[in-house]
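Good morning, everyone, and thank you for making the time. Please have a look at the structure first, and then I will take you through it.

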Amino acid sequence: MQRSTITTSEPDENGHWGQFGGRYVPETLVAPLDELTKEFTRARHDAEFWRELDQRLRGYCGRPTPLFHGQRLTAHAGGAQIYLKREDLSHTGSHKINNAMGQALLSRRMGKRRIIAETGAGQHGVATATVCAMFGLQCIIYMGAEDMRRQALNVFRMRLLGAEVAAVNAGARTLKDAINEALRDWVTNVHDTYYLLGSALGPHPYPLMVREFQRVIGREAREQILSATGRLPRALIACVGGGSNSIGLFHPFIGDQSVRLIGVEAGGRADSLGEHAARFHPTAASGGGRIGVLHGTMSYVLQNDTGQIATTHSISAGLDYAAIGPEHAFLHDNGRAEYICASDAEALEGFTLCAELEGIIPALESSHAIIPAVRIARELPQSDAIIVNLSGRGDKDAQLVAELNIR
Amino acid sequence: MSRIRDTFAGLKRTGRGGFIPFITAGDPDLATSELLLIELAAAGADIIELGVPFSDPVADGEVIQRASERALRNGVTLRDALACVAHAKQQIDVPVVLFSYFNPLLQFGRDRLANEAKQAGVDAVLVTDLIPEEAQAWTETLQQRELDPIFLVAPTTSDERLVRIGQQARGFIYAVSRAGVTGARDEMTHDAETLVRRVRMVSDLPVAVGFGVSTAEHLREVWRFADAAVVGSAIVREIERLKTAPDLVQRVGKFARSLLATNQQNVGDSTALHLP
């Protein structure tokens, strides 16, 4: 695909990036989405809102997160300098708190005191439960029963924080099913409920709003790399489930044509449909590369020939989802960003490598970006730098990896 | 004038409220769905909604979710649903509304859907998650093939949007009785009546009320202020309960008649009007 020369990536007023995005929802949700869009737009242009958010991100969440020069990983790769953006050091252990905090401030402005959210790996659930505890808000987290099994520690954390965790037993009992159930709750309790969606997907304004709250990752990283190396990096690499950590890192660099933006999807355990979560998967039987509508937005969606949404597989619950955020679909089609995938096995290899070489245990989601980053660094001269988004920490995954190693 | 408008005109002439049952195509299997269409027409349905099963029915409660799952386990597709209508339409004349989520239609293709739905004898298409703002191209294509695009309105819909929806909709307007997913309820809320009154201010289209309409009493209540009542989950729940019974079709028909029993005129007239 031709590299694009776009310098910005902004949706139209109805949330469309080209043909992607928009709003495909039951009629009942149009009014609350309009209300949310209005309030977000107002907040977006309100310096006082951003001042308070910034203060809370600094004072409570530990921002700015460091940009760490991974010297042993760099030596291992034998090429470009590898920098790690340490979102794992954020309060609650992942980038998810950036968005949860921003939306909690919005819900407060809107006077909604009942907060619902979906979660896959549990990181967004924990972040949401955390901000709800801090603001004294009621919190209900929908989570697939399979994900609750895989991420038992996070379920316990959410309950400790006072949230109700509602098990979802429909479908494959993962993130997609949790979003379905959260949407059903919202459509029913629309008058007093705020839906705190955790990724850069869903109906307008969520993809735009979540991106705006995650842009802090890229803004900081840009300043930090310039101050550390005096120049822009050659590439940014981040894992992509719905795509919030990656779009947050990428977006402030979109106008920097020399910077490659590389998203890493979950390649799972095989290339056939149902065995991975790579929406841009290039092979024929993978089901990749098809445009569809899921959860209120038009994007690339893994599905069968008749438009039924496919089940997906990834070793990491946070990437185990059939659709990708609409802005990624746009950046993919115009060639500004590149998307590759890493298998379960490569993710595990990256997990171990990062732990052993840098003393950092990354989340299995973030681990997907490690091996591709080593590969890309290897092709570049030592005078160049690349940034890997370490979007979360891996404590939650230690148990799962331990069990795999025993087997 | 569309056949759906004819139907509502007929209802108005005779002063009756319309009865619009909903079933999911392929629940419990396609052959039964076909027989159910015929039986529901005989039982007094003025219009029938046929649901296309979808893997992620976010607007539906548990009963219709499970119906979708049963149909999908049978491998039922949009194409099958259309074939089901085509077969049933050889024996019945009641207008059929194809009721679907957007993605299966999107994959089928806009022109292909319009052509094949028309050919199958479908009269209208309602897409649960396609709001007028995103629907323009689809609305135009459907209308070119004389298929009515039906839109939903909800108690949360603003007056401004009611006007826009009224302009794009044809056939009738489907008023969602309350905020929430589909599913039977013990009581109807007052939201529905208020909503229908608001729709009447901005549109001359007939209004059908659905979501939670599940008893004969509810139907009577809805007919007081709206042109028709949609009964979905209550019927689908019967299908689920009877799914292994050899006389499922007759008993679902009996259940439908029991909903109309308080209004004998309804059953008689409807049968006379629509059965060939």
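This is a predicted model: local features need pLDDT of at least 70, side-chain atom pairs count only at pLDDT 80 or more; totals for chains, interfaces and linings use all residues.

Residues are numbered from 1 along each chain as its sequence is written, chains are lettered from A and ligands numbered from 1 in the order in which they are written, and side-chain values use heavy atoms, with hydrogens and water left out.

Taking contact as heavy atoms within 4.5 Å, 32 residues of chain A are in contact with 32 residues of chain B. The area buried between them is about 2600 Å², of which carbon and sulfur atoms give 54%; buried area here is the accessible area, with a 1.4 Å probe, that two parts lose on being put together, summed over both. Glu27(A), Arg184(A) and Gln308(A) supply 27% of what chain A buries against chain B, more than any other three residues.

The rule finds two salt bridges across this interface, a salt bridge being a side-chain nitrogen of Lys or Arg within 4 Å of a carboxyl oxygen of Asp or Glu. Glu27(A) also meets Arg161(B) in a salt bridge, at 2.3 Å from N to O.

Turning to the largest pocket, its volume is about 460 Å³, a volume being the space filled by probe spheres set on grid points joined across faces, edges and corners. A pocket is, on a 1 Å grid over the protein atoms alone, an open set of points where a 1.4 Å probe fits, with protein on both sides within 12 Å along at least five of seven lines, and lining residues have an atom within 4 Å of a point. Of the 22 lining residues, the closest to the centre are Glu13(A), Asn14(A), Arg23(A), Asp34(A) and His204(A).
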